[in-house]
Amino acid sequence: MEDAVKSAAPALFEELVAANGKRIGVATLNVEKTLNSISLEMVDLLDAQLRAWAGDPQIAMVLLQAAGEKAFCAGGDLQGLYRTMLDQHASGQSVDIKSNSYACDFFEREYRLDYLIHTYPKPMLAWAHGIVMGGGIGLMAGASHRVVTEKSRLAMPEITIGLYPDVGGTWFLNRMPGQLGLFLALTGASFGAADAIFARLADYQIEHSQKQALLASLLSQPWDGKRDDVLLTRVLLAAEQQAQPAFAAAPAPLRQHFELIHQLCSAPTLDEVVQNIVGLQTDDAWLQKGIATLVAGSPASAWLSHALQRRALHMSLAEVFRLEYVVSLHCAARADFAEGIRALIIDKDRQPKWQPAILADVSKEWGNGFFDDPWPENDHPLADLG
């Protein structure tokens with residue numbers, strides 16, 4: 001009975017003993033039926049275990065992986081958020097972003113976990129096999145060693161649900177080459193292993209079939225707490241060298257269209273950027289899909305993604321998470337986030353009624369309301385980060 005309860009938990013943990021007695025902590029996202037979507041329970045389990053391993057001198061490194069073959073993590077558990085947003089809107093408390101206690105808890109604890117991964121004191125290997133979207137990228141992005149496989153498909157498609165690339169997206173999208181980050185935020189475009197490395201979201205391309213051999217190699221390393229990062233890097237580099245032929249012909253549209261994307265998204269205003277992308281005449285199916293997503297997406301989300309990347313250009317990671325926390329709660333309090341979830345996930349009619357309906361109706365004053373912070377500086381729920 002205990003094993004059955006354990007196997008149903010949204011995150012599982014084990015410790016593998018290396019040849020020299022040191023251990024590798026293995027954390028497995030375990031909600032295969034929902035593509036390992038992130039729930040509060042999963043966040044709390046991961047946070048507690050990662051903190052325990054961080055303080056355990058016998059743990060040499062941590063492996064973050066997922067159950068099943070389809071997805072590492074396809075994002076957050078939006079249905080729970082959706083119900084609380086409807087309650088908040090119905091109660092007339094949308095003016096007070098602190099009134100949705102579930103949203104406050106969810107975003108605070110999720111962002112704390114993401115920040116912990118970014119600042120983890122031991123080597124962490126994220127094995128990002130399969131679908132990696134939204135909150136899933138938030139989990140992998142901060143790991144010290146990030147592996148993508150031949151089946152990895154990454155995207156930040158929040159514009160389709162009336163949100164924006166959060167979970168630190170404001171920070172890591174800003175650190176991509178050229179204007180790739182803005183383009184990905186506006187189009188929700190998906191990409192594979194080679195482009196994940198090009199966009200600085202991953203570090204190694206390794207075939208998924210090599211995983212067990214790689215684990216065996218890791219268990220044979222002379223972990224000593226001093227050069228564990230170097231040992232992990234060498235094992236991954238060796239595995240990547242073996243995998244290179246398998247990835248040689250893989251499509252890499254981000255790299256292929258880099259100059260064009262940079263040109264389209266370098267215009268001085270968001271209106272011009274959007275006009276550049278929407279007005280592009282192309283037969284390329286990947287670009288066409290990105291254009292269609294932008295056209296159908298939330299205008300407020302497009303405005304937010306653009307404004308956030310400029311506002312946060314010189315912010316620290318901790319400052320970005322504090323900013324995103326406020327913005328995400330405003331998104332929960334306003335109309336588009338709930339409407340986007342309804343149209344895509346609840347009713348599945350794919351006919352969202354965005355408010356405002358077009359980008360031209362997003363005024364600067366209305367948009368800047370997303371940044372209204374009700375907490376004094378030292379009382380912010382994430383004040384202790386960084």
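Mentor: Two strands count as paired if DSSP finds at least two bridges between them. Keep that in mind for the sheets. The model here is a predicted one.

Trainee: In which order do the strands of the three-stranded open sheet lie?

Mentor: The order is 4-6-8, and the pairing is parallel. Strand 4 (71-73) and strand 8 (153-155) are the edge strands, each pairing on one side only. From one strand to the next, the twist averages 15°.

Trainee: How many bridges join strand 4 to strand 6?

Mentor: Two bridges join strand 4 to strand 6 (residues 131-133), and the two strands run parallel.

Trainee: What do strand 1 and strand 2 form, and which residue in the turn has a positive phi?

Mentor: They form a hairpin with five residues between the strands, and Gly21 in the turn has a positive phi of about 95°. Another backbone angle to look up is at Leu35, which has a positive phi of about 55° although it is not a glycine. Leu35 sits in the loop between strand 2 and helix 2 (40-54).

Trainee: Now for helices against helices. What describes two packed helices?

Mentor: The description consists of the angle between their axes and the distance between the axes. Take helix 7 (residues 180-187) and helix 13 (residues 270-278): their angle is about 70° and their axes are 12 Å apart. Angles of 65 to 115 degrees count as roughly perpendicular, so helix 7 is roughly perpendicular to helix 13. On the helix 7 side, Leu182, Phe183, Leu186 and Thr187 make the contact, meeting Leu270, Val273 and Ile277 of helix 13. By class, this contact has six nonpolar residues, one polar and no charged.

Trainee: At what angle do helix 3 and helix 4 pack?

Mentor: Helix 3 and helix 4 pack at about 145°, with axes 8 Å apart. Gly80, Leu81 and Thr84 of helix 3 make the contact with Tyr102, Ala103, Phe106 and Phe107 of helix 4. Those residues divide into five nonpolar, two polar and no charged.

Trainee: What shows where empty space is left?

Mentor: Rolling a probe the size of a water molecule over the atoms shows it. In this model, the largest pocket holds about 1200 Å³ of space. Of its 46 lining residues, Met133, Pro157, Thr160, Ile161 and Leu344 are the closest to the centre.

Trainee: Which helix gives the largest share of the lining of the largest pocket?

Mentor: Helix 14 does, with six residues. The elements that each supply at least two residues of this lining are helix 3 (78-91), helix 4 (101-118), strand 6, strand 8, helix 14 (285-296) and helix 17 (335-346). By class, the lining has 24 nonpolar, 15 polar and seven charged residues.

Trainee: How many cavities of 30 Å³ or more does the structure hold?

Mentor: It holds one, and the volume of the largest cavity is about 30 Å³. The lining is made of Tyr164, Pro165, Gly169, Thr170, Leu173, Ser305, Leu308 and Gln309. Helix 6 (169-172) and helix 15 (299-311) each supply at least two of the lining residues, and the largest share, three residues, comes from helix 15. The lining divides into four nonpolar, four polar and no charged residues.

Technical notes: Residues numbered from 1 in each chain as written. Predicted model: local features only at pLDDT ≥ 70, side-chain atom pairs only at ≥ 80, totals over all residues. Heavy atoms only, no water. Axes fitted to C-alpha atoms, helices over the stretch in contact; angles between N-to-C directions. Helix = DSSP H or I, 4+ residues; strand = E, 2+ residues; numbered from the N terminus. Parallel < 35°, antiparallel > 145°, perpendicular 65-115°, else oblique. Contact = heavy atoms within 4.5 Å. Nonpolar A, V, L, I, M, F, W, Y, C, P; charged D, E, K, R; others polar. 1 Å grid on protein atoms, 1.4 Å probe; cavity = no way out; pocket = protein on both sides within 12 Å on 5 of 7 lines; lining within 4 Å. Points joined across faces, edges and corners; volume = space filled by probe spheres on them.
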